[in-house]
Amino acid sequence: GVSPEQCTTPVAFFGSHGVDDPVLNYQTGLSVLSTFTRLNGCTAMTAPEPAPDGHGCVSYEGCSVPTRFCNFGAAQGNPFNTSLRGHYPTSKDPGQTVSWVPAEAWSFITQF
């Protein structure tokens, strides 16, 4: 469901994307986000840029269903496969031993 033609009904959306993703580039990720924010009737806004070595999350407003997006910078410490960089599924903020992604995803899921 990443092309607008495939999406006809609002769907809750949680996305996380690294700015230096070598598999699905960041601009493509923002295009996917845009598909869901339009589908969900969210107030238009630009996703904020994350700190170079941290992450940021935003909950979109005006949506018919919850819509949240997190992004993270290029200097993330991804210990298992550094070639994945921004495609790494459980990125960590500097100095942290656990990823912020599971807590963000769980917080999103448990609202239902």
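**Figure 1. Surroundings of A12 in the predicted model.** Leaving aside neighbours within four places in sequence, A12 is in contact with V65, P66, F108 and F112. The structure shown here and in the other views is a predicted model. A12 is found in the segment before β1. With a relative accessibility of 29%, A12 counts as partly exposed. C63 is 51 residues away from A12 along the chain, yet the C-alpha atoms of the two are separated by 9.2 Å.

**Figure 2. Contacts of F13.** When neighbours within four places in sequence are set aside, the residues in contact with F13 are V32, L33, F36, N40, P66, T67, R68 and F108.

Figure 3. Among the members is C7, which is buried because its relative accessible area, 15%, falls under the 20% limit. Another member, C42, has a relative accessibility of 14% and likewise counts as buried.

**Figure 4. The largest pocket and its lining.** The space in the largest pocket comes to about 150 Å³. Its lining is made up of L30, L33, S34, T37, R38, C42, T43, A44, M45, T46, A47 and Y60. By residue class, the lining of this pocket divides into seven nonpolar, four polar and one charged.

**Figure 5. The disulfide of C42 and C63.** C42 is joined to C63 by a disulfide, with an S to S distance of 2.0 Å. The link of C42 and C63 is right-handed, with 120 degrees about the S-S bond. Distant parts of the chain are linked by this pair, 21 residues apart: C42 sits in the loop between α1 and β2 (55-59), and C63 in the loop between β2 and β3 (67-72).

**Figure 6. The disulfide of C57 and C70.** The sulfur atoms of C57 and C70 are 2.1 Å apart and form a disulfide. The torsion about the S-S bond is about 110 degrees, so the disulfide of C57 and C70 is right-handed. C57 lies in strand β2 and C70 in strand β3, so parts 13 residues apart in sequence are tied together by the pair. C57 counts as partly exposed, at 25% relative accessibility, whereas C70 is buried, with a relative accessible area of 0%.

Figure 7. With the bonded cysteines of the chain numbered in sequence order, the pairing is 1-3, 2-4.

**Figure 8. Surroundings of P50.** P50 is found in the loop between α1 and β2. Its relative accessible area is 14%, so P50 is buried. Not counting residues up to four places away in sequence, P50 touches V19, H55, G56, N71, F72 and G73. From P50 to Q27 the distance between C-alpha atoms is 14 Å, for a pair 23 residues apart along the chain.

**Figure 9. Surroundings of L24.** The loop between β1 and α1 holds L24. L24 counts as partly exposed, at 36% relative accessibility. H17 and H87 are in contact with L24 when neighbours within four places in sequence are left aside. T9 is 15 residues from L24 in sequence and 24 Å from L24 in space, C-alpha to C-alpha.

**Figure 10. Position of E5.** E5 lies in the segment before β1 (13-18). E5 counts as exposed because its relative accessibility of 66% is over 50%. E5 and T35 are 30 residues apart in sequence, and their C-alpha atoms are 9.5 Å apart in space.

Conventions:
Residues are numbered from 1 along each chain as its sequence is written. This is a predicted model: local features need pLDDT of at least 70, side-chain atom pairs count only at pLDDT 80 or more; totals for chains, interfaces and linings use all residues. Side-chain values use heavy atoms; hydrogens and water are left out. On a 1 Å grid over the protein atoms alone, a cavity is a set of points where a 1.4 Å probe fits but cannot get out, and a pocket is an open set with protein on both sides within 12 Å along at least five of seven lines; lining residues have an atom within 4 Å of a point. Grid points are joined across faces, edges and corners, and a volume is the space filled by probe spheres set on the points. Ala, Val, Leu, Ile, Met, Phe, Trp, Tyr, Cys and Pro count as nonpolar, Asp, Glu, Lys and Arg as charged, and the others, Gly among them, as polar. Contact means heavy atoms within 4.5 Å. Helices (H or I, at least four residues) and strands (E, at least two) are DSSP runs, numbered from the N terminus. Buried means under 20% relative accessible area, exposed over 50%, partly exposed in between (1.4 Å probe, protein chains only). A disulfide is a pair of cysteine sulfur atoms within 2.5 Å.
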